[in-house]
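Subject: Structure handover

Hello,

My notes on what turned up follow below it.

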Amino acid sequence: MADSTESQTAPPTPSSGGTTPGGTASPDETYLERRSLRRGSAGPLLLTGLGVAYVVSGDFSGWNNGLAQGGFGGLAIAAVLMGLMYTCLVFALAELASILPTAGGGYGFARRALGTWGGFLTGTAILIEYVLAPAAISIFIGDYVESLGLFGLHSSWPVYLACFVIFIGIHLWGVGEALRFSLIVTAIAVAAIIVFAVAALTDFHVDALNDIPVEAGAFGASSWLPFGILGILASFPFGMWFFLGVEGVPLAAEETKDPARSLPRAMAAAMGILLLLALITFVAATGARGSAAIQSVGDPLVQALQPHGKPTTIGRIVNYAGLAGLVASFFSLIFAGSRQLFALSRAGYLPRFLSLTSRRKAPYLGLLVPGALGFALAAATGDGARMLNVAVFGATISYALMALSHIVLRRREPGLHRPYRTPGGALTSSIAFVLACSALVATFLVDKDAAFIALGVYVVALAYFAFYSRHRLVASAPEEEFAALAAAEAELERD
């Protein structure tokens, strides 16, 4: 909790006008009224479900490709380190979210700590993650629908379109309804993982963990590290799959009941659940079938339950649950992307019309525009793996910048009112920062093309900000007012 000696500076109450340095005034007094979300729609349970929903599809598929990069030992070490990174990051973000509970999330934190450039860089990285990831997952949903033989459909654009239309429609209905739907689907997926683990552990063999052949000449290679020490670093992006997206919980801040209390509790609970799911999924799947057998398959949990290649009842259940997990992650990531786009648009970093909300207080253009872009990418490329790698690259940049924001605010504004304080303080966020930078380097080892695609998107976005939007920021946006308060207080201290 906050120390008694801290300043009682609180997040700003939105106003109707004003300018930021180099910016412009809000167009009129109704500007923020036309850009408001439905407050009080989410409590700790729905927020916890949201945090797990972001990630749960990664337990069903994707992580196992790390076995082909580092073997069991390499991926195990990578998963532990990435679990540590996310745990430290979640604790840091919980503090930041209690200070500034707005829809801006990471952009808002970085805006105060690192200025307008830092805020835009962070927000853009988050958008890359939350626009590309749903596009990739829609393709994976299509693959599941085809493999399960549902309605005779194939993995193609009609399935991708149906995903975006149906689930964006639920979001347009209302945030409370959307989060309750997400919670139900997530609960089904989590229950299936537990059923899978119980079944797989009954056929667990220790010698199956390290059955990948050792690569000759790899430095530090052994049966546990068949690709050597470098395989650990190459496995980082796949270790992230067990946790990728949980950092998006603060984006629901403006729609949360008592966000200063609810957000830290929900984020800690979600992270605890994800750590447990990662452990039982990883160990049970590799021990039941063997690392070599599942290192490159699209459905590792199902394959782990088919030691002789024969379908089983539990395998079919897990297969259907995998589809539920993909739906849960797809659905929640659409939510996260719309809120980050909404906040950046409301503050003028992106075109302002994108932040308009409907009568049901849903950012309809913030949902429709990324959805249309995501569908177009999915239909045009069909390359879900590449798009997800681009999303991971954007995520690692945002993690480093958000961790750095926590460090800067701790050192520069020690008296800032903090309803929740990160255990370990700046040391915790420093660990997250170092590991995030390491994961960023690792993305180049896995998919250089994806990394350069993300950098290309960054260059275009930065050009737009440098030459246009940074001169048209909206001072009355909550994140901008919060940063302006810091500047005003610093000016008073100098005087």
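A residue counts as buried when its relative accessible area is under 20%. R111, at 10%, is therefore buried. One caution before the rest: this is a predicted model.

**Salt bridges**

The structure holds ten salt bridges. R111 is in one of them, with E480, at 2.9 Å from N to O. R111 lies in helix α4 and E480 in helix α17, which spans residues 478-494, so this pair ties together parts that are 369 residues apart in sequence. E480 is buried as well, at 1% relative accessibility.

R339 and E255 form another salt bridge. Their closest N and O atoms are 2.6 Å apart. This pair also links distant parts of the chain: R339 is in helix α12, E255 is in the loop between α8 and α9, and 84 residues separate them. Both residues, R339 and E255, are buried.

R386 pairs with D447 in a salt bridge, and here the closest N and O atoms are 2.7 Å apart. R386 sits in helix α14 (residues 384-412). D447 sits in the loop between α15 (426-446) and α16 (448-467). The pair therefore ties together parts 61 residues apart in sequence. R386 is partly exposed at 26% relative accessibility, whereas D447 is buried at 10%.

There is also a network: salt bridges link E95, R410 and R418.

**Aromatic rings**

How many aromatic pairs does the structure hold? The count is 23.

Take F72 and F282. Their ring centres are 4.9 Å apart and their planes are at 15 degrees, so the pair is stacked. F72 lies in helix α3 and F282 in helix α9, so the contact ties together parts that are 210 residues apart in sequence. F72 is buried at 12% relative accessibility. F282 is buried at 6%.

F120 and Y349 are stacked too, with 6.2 Å centre to centre and 15 degrees between the planes. F120 belongs to helix α4. Y349 belongs to the loop between α12 (313-346) and α13 (364-381). That pair ties together parts 229 residues apart in sequence. Both ends are covered: F120 is buried at 2% relative accessibility, and Y349 is buried at 0%.

Ring pairs also build a cluster. Its members are W63, F72, Y86, W224, F242, F243, F282 and Y399. F72 and F282, the stacked pair described above, belong to this cluster.

**Charges over rings**

Two arginines sit over rings. The charged end of R35 is over the ring of Y31, 4.0 Å from its centre. The charged end of R112 is over the ring of F482, 4.1 Å from its centre.

**Cysteines**

How many disulfides are there? The count is zero. A disulfide needs two cysteine sulfur atoms within 2.5 Å. For C88, the closest cysteine sulfur is in C437, 14 Å away, which is too far for a bond. C88 is buried, with a relative accessible area of 8%. C163 is buried too, at 6% relative accessibility.

**Backbone**

F151 is not a glycine, yet its phi is positive, near 60 degrees. F151 is in the loop between α4 (106-148) and α5 (157-173). Is F151 buried or exposed? F151 is exposed, with a relative accessible area of 76%.

D258 is not a glycine either, and its phi is positive at about 50 degrees. D258 lies in the loop between α8 (236-239) and α9 (259-289). At 43% relative accessibility, D258 is partly exposed.

**Surface**

Which residues form a nonpolar patch on the surface? They are L84, L427 and I431. Together they have about 260 Å² of accessible area. L84 is in helix α3, residues 67-99. L84 is partly exposed, at 39% relative accessibility.

Best regards

Key:
Residues numbered from 1 in each chain as written. Predicted model: local features only at pLDDT ≥ 70, side-chain atom pairs only at ≥ 80, totals over all residues. Heavy atoms only, no water. Buried < 20%, exposed > 50% of the residue type's maximum accessible area, 1.4 Å probe, protein only. Helix = DSSP H or I, 4+ residues; strand = E, 2+ residues; numbered from the N terminus. Patch = residues over 30% accessible without salt bridge, like charges linked within 9 Å, V, L, I, M, F, W, Y side chains within 5 Å. Areas by Shrake-Rupley, 256 points an atom, 1.4 Å probe, with all protein chains shown as cover. Salt bridge = Lys/Arg side-chain N within 4 Å of Asp/Glu carboxyl O. Phe/Tyr/Trp six-rings, centres within 6.5 Å; stacked < 30°, edge-to-face > 60°. Lys NZ or Arg CZ within 6 Å of the ring centre and 35° of its normal.
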